[in-house]
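This short report looks at charged side chains and their partners. Start with the structure below.

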Amino acid sequence: PTRRKALNALWSKIKSQSAAPTPSQLPIRSWLLIVAVAVLLANLAGLNARATYGARVSGDEPQYLLTATSIGEDGDLNIADELAEERFRTYHRADLNGQTFSLDPQGTQVSPHDPGLPALLAVPMRLGGWRGAKAALIAFGVACAVGTAWIAIRKLGVAPSVAATSSIAAGCSLPLAAYSTQVYPEIVAACLLLVIVGALLTPASDDAFQWWFWAGVLAVTLMPWLSIKYLPVAAAAG
């Protein structure tokens with residue numbers, strides 16, 4: 001009887017260890033990985049989408065890309081040479097709407113849009129062109145979804161399954177999915193805002209408080225460089 005009891009206990013232990021975990025038992029890292037993969041696949045579907053006839057980008061997007069090209073190749077904001085060489089033709093076959101004019105006798109032209117986003121996209125643009133720039137924005141979209149789930153779980157005590165499902169739904173739908181493949185600063189600003197929220201939700205007694213504090217300071221500092229319209233948000237967070 002003793003041997004049989006020991007064998008039964010061993011068999012029960014083996015079955016419990018080999019059984020597949022239920023969704024509620026999945027570790028947080030697994031949920032975050034699910035969020036990342038789901039949002040990545042959904043946003044990659046929009047990478048090659050056309051913005052309008054004969055153009056992969058439209059509106060102000062070519063201006064951001066031209067400035068990113070100038071920063072990556074020339075190290076400055078002057079897009080006069082990029083406009084003269086029509087460097088935008090690979091992603092915008094139609095003529096551009098005029099947004100610049102010569103600022104000095106040398107013909108310097110600077111896009112009227114804030115330089116934060118082009119600075120972030122300078123290296124991806126140089127390495128992969130407009131696709132590289134959009135891939136970088138998709139990475140920010142994935143980071144936004146994963147960050148939302150992580151903050152909901154760790155900082156707000158939301159159930160991992162609920163946090164992951166909500167983050168996937170938001171990351172794969174409008175407006176976040178659109179801003180993850182459009183060359184505008186919104187998805188990057190959303191990531192910075194998540195950093196700020198994480199910092200605000202971290203108590204001073206937390207071991208990671210100092211890290212979160214300085215990360216929040218950096219996010220507040222960078223946000224207006226993406227667009228001056230984010231200044232009120234940065235000021236309130238500061």
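## Salt bridges around Arg89

Asp95 and Arg89 form a salt bridge, with their closest N and O atoms 2.8 Å apart. A salt bridge here is a side-chain nitrogen of Lys or Arg within 4 Å of a carboxyl oxygen of Asp or Glu. Arg89 also pairs with Glu86, at 3.0 Å between the closest N and O atoms.

Asp95 is exposed, at 58% relative accessibility. Arg89 is partly exposed, at 26%, and so is Glu86, at 38%. The cut-offs: buried is under 20% relative accessible area, exposed is over 50%, and partly exposed is in between (1.4 Å probe, protein chains only).

## How the model was read

The model is predicted: local features need pLDDT of at least 70, side-chain atom pairs count only at pLDDT 80 or more, and totals for chains, interfaces and linings use all residues. Residues are numbered from 1 along each chain as its sequence is written, and side-chain values use heavy atoms, leaving out hydrogens and water.

## A link from helix 3

Glu73 and Arg87 meet in a salt bridge at 2.8 Å, N to O. Glu73 lies in helix 3 and Arg87 in the loop between helix 4 (80-84) and helix 5 (116-154), so the pair ties together parts 14 residues apart in sequence. Helices are DSSP runs (H or I, at least four residues), numbered from the N terminus.

Glu73, Glu85 and Arg87 are linked in a salt-bridge network. The count comes to 5 salt bridges.

## Glu61, without a salt bridge

Glu61 also lies in helix 3 (residues 61-74). Glu61 is buried, yet has no salt bridge. Lys134, the nearest side chain of opposite charge, is 4.8 Å away.

Notes: Helices (H or I, at least four residues) and strands (E, at least two) are DSSP runs, numbered from the N terminus. Lys and Arg count as positive and Asp and Glu as negative; His and the chain ends are not counted.
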